[in-house]
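I am opening this notebook to record what I looked up, entry by entry, for someone new to the entry shown below.

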Amino acid sequence: MEQLRMELGANSYDIFLGDGLLEQAGALLRLDRRVLIVTDEGVPADYAQRLAAQCAAPFIVCLPQGEGTKSLAMFQLLLERMLNAGFTRTDCVAAVGGGVVGDLAGFAAACYMRGIDFYNIPTTALSQIDSSIGGKVAVNLGGVKNIVGAFYQPRRVLVDPQLLSTLPPRQLASGLAEAIKAGVVADEPLLALFEQTDARAQMQEVLLRALRFKKQIVEQDERESGPRKLLNFGHTIGHGIESVCGLGGLLHGECVGLGMLPMCTTPQLRRRVEAVLEKYGLPTRVSFDPDAVFAALTHDKKAAGNTLTIVTTAQAGKAALQQVPLESLRVLLEKEAKEGIGR
Ligand SMILES: NC(=O)c1ccc[n+]([C@@H]2O[C@H](COP(=O)([O-])OP(=O)(O)OC[C@H]3O[C@@H](n4cnc5c(N)ncnc54)[C@H](O)[C@@H]3O)[C@@H](O)[C@H]2O)c1
């Protein structure tokens, strides 16, 4: 078992990584109290049940699967469930699911009685690599993603790679895009691991490296005022594509992968990243309307004034933040639509 400590002063916490950790939850988490276990219908039911078997007073809530669950209605449902079950400030919430469940359950934990303990047991590649650590919790409102939320760190995170064995291969690949991102931004050997081996057979190593990367960045910048923006590599254009093409069936990580390509500023690196995306079955082409994607990304909350901070990389492992005029992004999107990812 690996143990990483997220050093955030009073909000510090441990992340445990290892096969079979779900069975050890009783020893690693404080479950001798009321525990609201939040999961969804797509997560194998026995995961939540195996956790419940280790709790003194478990309350399982199984929600519909999908992004629609990150809503104020589901947030209210969780709060009411806790209120009706007599939860006090010393009780806790545990998420057993992907990023949807983790973001929603974490936000409910952040708000119930102004904050009760939150444990995260992520079950998708994306949530194990990325969303379960870092403390961003949120729901969507009015079609805008993550617009209502908080920074609220979990008390502990258990990352059990065995839980990924039931994940559809496409979901696995989509989550891996975030680890490929970590390699391109800050960890060249991780990118090389994707190139030279089958990363899916080495999930523990991939997860460890990706978690170390995210930990370092979050520790430097818990509330995303500076270096944490590096995590947005691939996300600016990726989010734009996700808003416009997501309903056409593209997954988050697939859009992030596509969004990384225009941000590779040398042809060598772009070819390298493209080859890795292809190797893991991630798309490298998508047909899109540059005006629609531009409109979507300028609506994004990260846009401020006439400029936008983007993350570019010329050499694997060495990403940089760049402030660019919005207009230059429009030009880039038009070029990409004709000659790049849209061709
Ligand atoms: N908080 C953050 O920092 C952060 C970062 C990135 C993304 N996110 C959020 O994460 C969400 C996406 O997360 P996701 O990709 O994990 O999607 P998800 O939570 O919707 O899970 C994807 C699908 O896989 C199913 N599933 C989950 N675990 C499974 C398992 N072990 N076996 C089989 N099926 C399983 C789910 O039921 C769901 O249908 C988005 O809402 C995004 O905004 C948050």
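Which residues of α9 are buried? I began with this helix, keeping in mind that the model is predicted, and I listed His235, Thr236, Ile237, Gly238, His239, Gly240, Ile241, Glu242, Ser243, Val244 and Cys245 as its buried residues. That makes 11 of the 11 residues of α9, so the helix is largely enclosed by the rest of the structure. When I looked for what covers the buried residues of α9, I found that the cover includes α10 (252-260), α12 and β10 (307-313).

Next I turned to the packing of α9 (residues 235-245) with α12 (residues 290-299), where I noted an angle of about 110° and axes 8 Å apart. Because angles of 65 to 115 degrees count as roughly perpendicular, α9 and α12 are therefore described as roughly perpendicular to each other. I also noted that the crossing of α9 and α12 is right-handed. On the α9 side the contact is made by Thr236, Ile237, His239, Gly240, Ile241, Ser243 and Val244, and on the α12 side by Ala292, Val293, Phe294, Ala296 and Leu297. Sorted by class, this contact of α9 with α12 has 8 nonpolar, 4 polar and no charged residues.

My last entry concerns the ligand, which has 28 residues around it, and of these Gly42, Gly98, Gly99, Thr124 and Ser131 come nearest. The elements that give two or more residues to this shell are α4 (99-111), α5 (125-131) and β8 (144-151). By class, I recorded 7 nonpolar, 14 polar and 7 charged residues in the shell around the ligand.

Conventions. Residues are numbered from 1 along each chain as its sequence is written. This is a predicted model: local features need pLDDT of at least 70, side-chain atom pairs count only at pLDDT 80 or more; totals for chains, interfaces and linings use all residues. Axes are lines fitted to C-alpha atoms, for helices over the stretch in contact, and angles run from 0 to 180 degrees between N-to-C directions. Helices (H or I, at least four residues) and strands (E, at least two) are DSSP runs, numbered from the N terminus. Angles under 35 degrees count as roughly parallel, over 145 as roughly antiparallel, 65 to 115 as roughly perpendicular and the rest as oblique. A crossing is left-handed if the near helix is turned anticlockwise from the far one by less than a right angle, and right-handed if clockwise. Two residues are in contact if their C-beta atoms, placed from the backbone, lie within 7 Å. Ala, Val, Leu, Ile, Met, Phe, Trp, Tyr, Cys and Pro count as nonpolar, Asp, Glu, Lys and Arg as charged, and the others, Gly among them, as polar. A residue is near a molecule or strand if its C-beta atom, placed from the backbone, lies within 6 Å of it. A residue is buried if 20 or more other C-beta atoms lie within 10 Å of its own, exposed if 12 or fewer, and partly exposed in between; C-beta atoms are placed from the backbone.
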